[in-house]
Amino acid sequence: MDIRLIAAEDCCVIKLSECSQQGIERAILSSVLGRVFVVGENNYYCGVFSVDSCDTFNNIDNIRQIPVIISESNLSDRSVTEQAIKIYFEKDSCKYGILPVTNNKNQLIGGVSYTESRWDKEKIACLTRMAYYAEKKISLEQLFISGNCKRVALWGVDELSLTFANEMRHFESVELLGIYENKKRQKYINIDFLNYEVNVNFVNSLFDILNLNADLIIVTDWTARNIGKHTVFKKNKAVYLPDLLIKGLNNSARINSLVEHNYKVEIETHGIKLFMVRVPTEKDMNIPIKAPTFEKEDRIKWFEQQWEVQRSSTVFQEFSKAKSKLLKGIKKDNGLIGYINFRSENLNYINKQRVVLNAPKEYENTIYLIGPCLVLSQLHFDDKTLGYYVQEKLIEQGLKYRVVAFGLPTDADRYYWIELLKRQRMDSGDKIFLFDQTNRQSHWDLDLLDIFSELYEQYGADFYYDMPIHCGKEANKKIAEFLCSYVEQHQNVSCEYIPQVSEQLHYEKNTSLSANPQLKKYQEFIQNNAIHKMPKVGSIVMNCNPFTLGHQYLVEYAAAQVDYLYVFVVEEDKSYFKFEDRIELVKSGTSHLKNVKVLPSGQFIISALTFSEYFDKANLEGTTIDTSLDVETFGRQIAPCLDISVRFVGEEPLDPITAQYNQSMKEILPKYGVELREIPRKCLGGVISASRVRKCLEENNWDEIKRLVPETTYLFLERKYK
């Protein structure tokens with residue numbers, strides 16, 4: 001709580017006899033904490049003019065009455081503070097900013113101020129938002145350029161205005177005229193503004209700023225937050241800073257558009273197209289808002305029609321629960337925001353993707369759908385989603401694309417959407433369709449308004465749930481037809497083809513580990529374990545959960561192909577068998593091979609840091625993942641330390657996640673002079689796999705285990721489990 005006593009000479013006061021329109025306007029512009037005290041003869045207190053309640057100041061009818069503190073002696077009387085506390089807390093009068101203090105004769109002797117808690121919260125919110133933009137390297141200059149504001153002044157001296165002014169110093173197209181404050185408040189400001197590299201000027205009133213011909217005045221004083229609504233600012237715009245940074249949807253749209261525009265410019269030089277797709281709102285379509293009259297019975301009927309099942313059925317009940325559970329599970333991790341992985345019979349969401357059931361195994365390019373509810377299709381079964389219909393249409397048209405549908409929380413800043421796209425391995429010819437609503441964006445490449453209007457004409461409000469972006473399956477079909485028709489028409493548009501796009505687009509991501517001090521330690525560790533120079537050095541990375549005859553066969557085969565072989569055992573302890581047991585089994589099972597050395601993988605080869613999906617394979621079936629960080633780290637940071645020129649892997653007919661990893665290595669490792677060799681798996685009544693051994697262990701089938709693992713592994717398992 002910050003209660004301050006304000007001397008009479010530091011309050012803003014106007015005599016009743018001077019209350020003409022011009023006099024009141026000048027007084028308001030000179031106000032202290034948003035208030036002007038009105039006095040009559042002999043300093044008799046009459047009331048206040050309030051900055052936040054007067055649209056015009058043309059007569060004395062705008063004088064307001066607010067609580068008055070009465071002092072029997074002087075302003076510093078203890079009872080003044082006690083009365084102020086009582087008024088502020090018992091009468092909830094914090095909004096007054098400054099209250100008048102009078103003596104027993106109702107003569108004004110000063111004022112008492114209180115810092116409203118909402119004021120502090122808004123400042124914190126603004127400072128947090130600015131730090132966020134700085135971290136994401138989003139320039140706020142766009143807010144001013146798009147509004148044609150080239151000369152800007154700030155009103156109010158506090159941490160917020162000083163921090164914002166420091167940020168503005170870096171703007172190339174905007175001139176900061178300085179920070180201004182009322183002279184009467186100078187001695188009450190205790191912040192050390194001298195150490196900020198901006199000019200602070202104390203003037204008589206806001207009227208002095210008007211004479212500067214500023215294009216925009218930014219107010220950080222909460223009590224003056226509504227000053228821009230008044231007629232005196234017809235020529236010069238004034239805006240409250242939290243409204244500029246946080247509350248204004250138009251400003252959010254400008255920032256989003258800036259982020260997306262910069263990304264669009266970047267990727268289109270590599271032959272990848274990004275299309276901003278506008279999803280209309282009720283206002284755009286000039287139709288009534290459905291939600292207020294959308295009763296529970298109407299909602300259930302809508303779902304029955306969309307899902308083609310009765311409300312009493314088990315399928316209906318299970319999908320309703322699945323939908324609710326999915327939407328409650330929002331998670332932020334590794335600089336991205338999405339829903340948590342979720343599996344059910346008819347709704348599957350993995351790795352920030354709504355699973356596209358009919359995605360082909362063979363394709364030439366990828367179409368990325370990214371956006372909120374429309375792409376998430378949370379109101380539909382897996383075979384009725386937008387992604388499903390787009391893929392179906394592409395296959396019908398013979399277009400060799402696969403579809404990836406990133407359905408994300410609508411409240412997440414669009415920076416996170418773009419960041420997710422940046423982490424995908426894209427190739428020339430890929431296309432991105434980013435769906436959003438009018439109030440979130442200010443630039444569009446494609447517009448769904450005609451489609452939605454046509455649907456409304458045909459089905460009425462039944463084509464969507466409670467708002468157009470929550471549309472039904474018929475809308476999904478129409479949008480899919482529209483997109484695929486557009487893709488077919490524009491798939492041969494010429495663009496500069498640059499191979500290995502991911503190396504250029506994802507350089508920042510893939511080199512981000514290079515500054516990690518632990519990486520340097522790990523590099524030193526493996527270099528200390530390196531042998532002398534050999535003509536050909538190979539490597540294998542294995543989890544060995546546990547070590548099988550299949551693993552042993554792969555190591556023996558690889559060791560015969562090179563002069564020396566390093567076997568990295570996955571160190572992340574997220575497997576059935578502990579790392580310390582797994583690495584000992586590998587050492588024991590390969591001890592007969594003299595040109596083999598077994599090493600721990602550390603946290604930079606198939607780890608939670610570089611390839612976390614590896615440890616969640618059961619939940620990732622049917623999804624596309626990005627393994628480039630792990631592969632790039634190995635090629636760029638690990639292989640050179642040991643002169644590795646070839647990496648061996650076993651063929652992967654069973655595990656789709658590992659199969660995607662192998663494909664990624666085929667594409668990336670040759671850039672770093674590392675050859676990838678894929679070796680057929682050893683079979684014995686089927687592929688020998690660690691999961692097969694674990695199943696036998698659970699079934700206590702020791703005869704089968706003995707057929708699948710080396711003697712060293714069998715003795716370990718027998719000792720520990722039999």
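Because the model is predicted, local features need pLDDT of at least 70 and side-chain atom pairs count only at pLDDT 80 or more, while totals for chains, interfaces and linings use all residues.

**Salt bridges**

The structure holds 28 salt bridges, a salt bridge being a side-chain nitrogen of Lys or Arg within 4 Å of a carboxyl oxygen of Asp or Glu. Select Arg 151 and Glu 175, whose side chains meet in one of these at 3.3 Å, N to O. Arg 151 belongs to strand β8 (residues 151-155) and Glu 175 to strand β9 (residues 175-182), so the pair links distant parts of the chain, 24 residues apart; strands here are DSSP runs (E, at least two residues) and helices are DSSP runs of H or I with at least four residues, both numbered from the N terminus. Arg 151 is partly exposed at 29% relative accessibility, and Glu 175 is also partly exposed, at 41%, where buried means under 20% relative accessible area, exposed over 50% and partly exposed in between (1.4 Å probe, protein chains only).

Next, select Arg 185 and Asp 221, which form a salt bridge with their closest N and O atoms 3.2 Å apart. Asp 221 lies in the loop between β11 (216-219) and β12 (237-240), and Arg 185 in the loop between β9 and β10 (200-203), so the pair ties together parts that are 36 residues apart in sequence. Both residues are buried.

Then move to Arg 354 and Asp 382, where the closest N and O atoms of the salt bridge are 2.9 Å apart. Arg 354 is in strand β17 (residues 353-354) and Asp 382 in the loop between α12 (373-376) and α13 (386-396). The relative accessible area is 1% for Arg 354, which is buried, and 3% for Asp 382, which is buried as well.

**Aromatic rings**

The structure holds 29 aromatic pairs, in which rings of Phe, Tyr and Trp (its six-membered ring) have centres within 6.5 Å, with planes under 30 degrees apart counted as stacked, over 60 as edge-to-face and the rest as tilted. Select Phe 275 and Phe 433: their ring centres are 5.0 Å apart and their planes at 20°, so the pair is stacked. Phe 275 sits in strand β13 (residues 273-279) and Phe 433 in strand β20 (residues 431-437), 158 residues apart, and both are buried.

Tyr 368 and Phe 406 come next, also a stacked pair, with centres 6.2 Å apart and planes at 0°. To finish with the rings, select Trp 302, Phe 303, Trp 307, Phe 316, Phe 319, Phe 381 and Tyr 465, which form one aromatic cluster.

**Two packed helices**

Finally, select helix α15 (residues 449-459) and helix α16 (residues 473-490), which pack at an angle of about 145° with their axes 11 Å apart; axes are lines fitted to C-alpha atoms, for helices over the stretch in contact, and angles run from 0 to 180 degrees between N-to-C directions. Residues making the contact (heavy atoms within 4.5 Å) include Phe 452 and Leu 455 of α15 and Ile 479 and Phe 482 of α16.

Terms used. Residues numbered from 1 in each chain as written. Heavy atoms only, no water.
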